[in-house]
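This report describes selected local features of one protein model.

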Amino acid sequence: MRSEVATLPGSPERPNEDWAAAALPASGDGGTLVLLDGVTPPPGDDGCVHSVPWFTARLGGALTELSASRADLTLSEILSLAIRRTAELHADTCDLSHVRTPQATVVLARWDAEAVDHLVLSDAVLLLQAPDGSVRAVRDDRLDRIPREVLRSHEATDRVRNREGGFFTAAADPSVAERAVTGTTPLAEVRALAALTDGASRWVERFRAGDWTGCARVLAKEGPAGLLQRVRVLETADAAAGGVRRGKTHDDATGVYVTF
């Protein structure tokens, strides 16, 4: 197995809120991949004295330790336990019931000699590339179903955040793990895995520079660092041309690429 991780901050003026890891258990059998995209809160109160990077580092660390050491737990159970552990670290100092309490999108993958398990929550993406080169993108598309006009309003977005009929992220409620997209694929049917935050998946989803199969080819040839540089070039050109842009010109962008 070979793994590569690359990340770029959206702006040098603020910390990168993404978090990623690829790990092997002590036994050397199998492995695990963790990717988090911290949700940047709008200006104002979020009920927490901690930053989003504080939150993603602790949730990511818990997910890595648990997914690498607790083969007896499903990925949903691991996410639930990791959220609970992280919440306990600041329950005494922060209002974890606040709708904007620190939160993140999640991709988890874990494999052994037989199969690859996966979990995706919110708008990050996991790519599963088969030995024949075909690619399956695993996505949680609930955020895509929210009308754009709703997401342009912070108050309207809060009304659908972590609510039925809206979208879900990993915040302080362990039960959100039950909302994640999960599945299992035989290891023989997987040649490579890639996890991308939405800042990295812009190459496909925003700029339409290629499809997911083309994205996997870029990752195989240039690694995640090459994909992120391609995204930055497209963002810069779009901004210079005065194109119609949604959201930030540059976003934190992170990719993890694993080959078997």
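Contact here means that heavy atoms lie within 4.5 Å of each other. The model is predicted.

With neighbours within four places in sequence left aside, Gly31 is in contact with Ala23, Leu24, Pro25, Ala109, Arg110 and Trp111. Gly31 belongs to strand E3, which covers residues 31-38. The relative accessible area of Gly31 is 4%, so Gly31 is buried. Between the C-alpha atoms of Gly31 and His154 there is a separation of 38 Å, and the two residues are 123 residues apart along the chain.

Ser3 is found in strand E1, made up of residues 2-8. At 34% relative accessibility, Ser3 is partly exposed. Under the same exclusion of neighbours within four places in sequence, the contacts of Ser3 are with Ala22, Tyr257 and Val258. Ser201 stands 198 residues from Ser3 in sequence, and their C-alpha atoms are 18 Å apart in space.

**Helices H1 and H2**

Two packed helices are described by the angle between their axes and the distance between the axes. Helix H1 spans residues 52-69 and helix H2 spans residues 75-90; their axes come within 9 Å and cross at roughly 140°. Angles over 145 degrees would count as roughly antiparallel, and H1 and H2 are therefore oblique to each other. The crossing of these two helices, H1 and H2, is right-handed.

On the H1 side, the contact is made by Trp54, Phe55, Arg58, Leu59, Ala62, Leu63, Glu65, Leu66 and Ser67. H2 contributes Ile78, Leu79, Leu81, Ala82, Ile83, Arg85, Thr86, Leu89 and His90.

**Cysteines and accessibility**

How many disulfides does the model contain? A disulfide requires a pair of cysteine sulfur atoms within 2.5 Å, and by this rule the count is zero. For Cys94, the closest cysteine sulfur is that of Cys48, at 3.4 Å, which is too far for a bond. Cys94 is itself buried, at 9% relative accessibility. Cys215 is also buried, with a relative accessible area of 1%.

The accessibility values of the residues discussed above are collected here.

| Residue | Relative accessible area | State |
|---|---|---|
| Cys215 | 1% | buried |
| Gly31 | 4% | buried |
| Cys94 | 9% | buried |
| Ser3 | 34% | partly exposed |

Technical notes. Residues numbered from 1 in each chain as written. Predicted model: local features only at pLDDT ≥ 70, side-chain atom pairs only at ≥ 80, totals over all residues. Heavy atoms only, no water. Buried < 20%, exposed > 50% of the residue type's maximum accessible area, 1.4 Å probe, protein only. Axes fitted to C-alpha atoms, helices over the stretch in contact; angles between N-to-C directions. Helix = DSSP H or I, 4+ residues; strand = E, 2+ residues; numbered from the N terminus. Parallel < 35°, antiparallel > 145°, perpendicular 65-115°, else oblique. Left-handed = near helix turned anticlockwise from the far one by under 90°.
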